[in-house]
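Open the model in your viewer and keep the sequence panel beside it. The stops below are given in the order in which to select them.

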Amino acid sequence: MGKKKAKAAFPPRKDGEKALYSRILVVCEGEKTERYYFIGLRNYLRLKSANIEIVGEGATPTMVVERAEYLHQKGKEVGNPFGEIFCVFDKEEHADYDKAVRILEQKSSARESDTRWWTPIASVPAFEYWLLLHYEYTDRPYQKTGSKSAGEMVTLDLKKHFRGYKKNDENIFWHFRDQLEQAKKNANKSLAATKKADTDNPSTRVHKLVEFLQNIKNS
């Protein structure tokens, strides 16, 4: 299979690095759904919006990376760069998915002096897989079926548990909040399963960003 996978996030910090809670940028592929989710999480954790900027781009993976780069440079110009940058996007049918992951890995390995991490927070095939893991664990690959995309097939499974699910819901995080810890466990289990099977379908790394923000809350 040998599918391109986003590498494990968050390398160990070196002695002398800045405090954990530096300025953070989260740029989402989804213009509303993912952005609303992380805004809800930020509010739930009572983290400061001034320190954690969340942007919904409504674009392809590489365009998400380009937007993150633009915002980072703007921050540097005024002496307020981002210490951590997270790019949230789906694989779905994006032809530029592998390119976006590769660019972020290169940026992360370069380790700019003012930015420790450029981290892909990818979901395969779509963000709805992360939401589904709040209710059930599955490592069954999702494929395009008939006129429905792989992401739409995940959404059908999600709606078996949450019939009222719809994209662009401002309260999306709060619908799933009570199952958050279960979703994290399922996501870790899924990553282990896909690694063993040498595939990335299905998988998500959203829980890595969730845990990062939770650690800020607890630090």
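**Stop 1: lysine 184**

Select lysine 184, which lies in helix H7 (residues 180-197). Helices here are DSSP runs of H or I with at least four residues, strands are runs of E with at least two, and both are numbered from the N terminus. The model is a predicted one, in which local features need pLDDT of at least 70 and side-chain atom pairs count only at pLDDT 80 or more, while totals for chains, interfaces and linings use all residues. Residues are numbered from 1 along each chain as its sequence is written, and side-chain values use heavy atoms, with hydrogens and water left out.

Is lysine 184 buried or exposed? Lysine 184 has a relative accessible area of 10%, so it counts as buried. The cut-offs are under 20% for buried and over 50% for exposed, with partly exposed in between (1.4 Å probe, protein chains only). Now show the side chain of glutamine 214: a polar contact of 2.6 Å links it to the side chain of lysine 184. A polar contact is a pair of N or O atoms within 3.5 Å; within protein, one must be able to donate a hydrogen and the other to accept it, and residues adjacent in sequence count only if both atoms are side-chain atoms. Beyond its neighbours within four places in sequence, lysine 184 is also in contact (heavy atoms within 4.5 Å) with residues including Trp130, His207, Val210 and Glu211.

**Stop 2: lysine 99**

Go to helix H3 (residues 97-110), where lysine 99 is found. Lysine 99 has 45% relative accessibility and therefore counts as partly exposed.

**Stop 3: strand E3**

Select residues 84-90, strand E3, where 7 of 7 residues are buried. Glu84, Phe86, Val88 and Asp90 are on one side, and Ile85, Cys87 and Phe89 are on the other; both faces are covered. In a regular strand the side chains alternate between the two faces of the sheet.

Which strands pair with E3? Strand E1 (residues 24-28) pairs with E3 in the parallel sense over 5 bridges, with isoleucine 24 opposite glutamate 84. Strand E4 (residues 117-124) also runs parallel to E3, joined by 7 bridges; there, isoleucine 121 is the bridge partner of valine 88. Two strands pair if DSSP finds at least two bridges between them.

**Stop 4**

The structure holds 0 disulfides, a disulfide being a pair of cysteine sulfur atoms within 2.5 Å. Cysteine 28 is buried at 0% relative accessible area, and cysteine 87 is buried at 0% as well.

**Stop 5: helix H1**

Select residues 33-44, helix H1, whose 12 residues reach 17 Å from first C-alpha to last, close to the 16 Å expected. That expected span is 1.5 Å times one less than the number of residues. Because 9 of its 12 residues are buried, H1 is largely enclosed by the rest of the structure; among the buried ones are Tyr36, Tyr37 and Phe38. After H1 comes arginine 46, with a positive phi near 60°.

**Last view: the whole chain**

Zoom out. The protein chain has 8 helices and 5 strands, and 52% of its 219 residues are buried.
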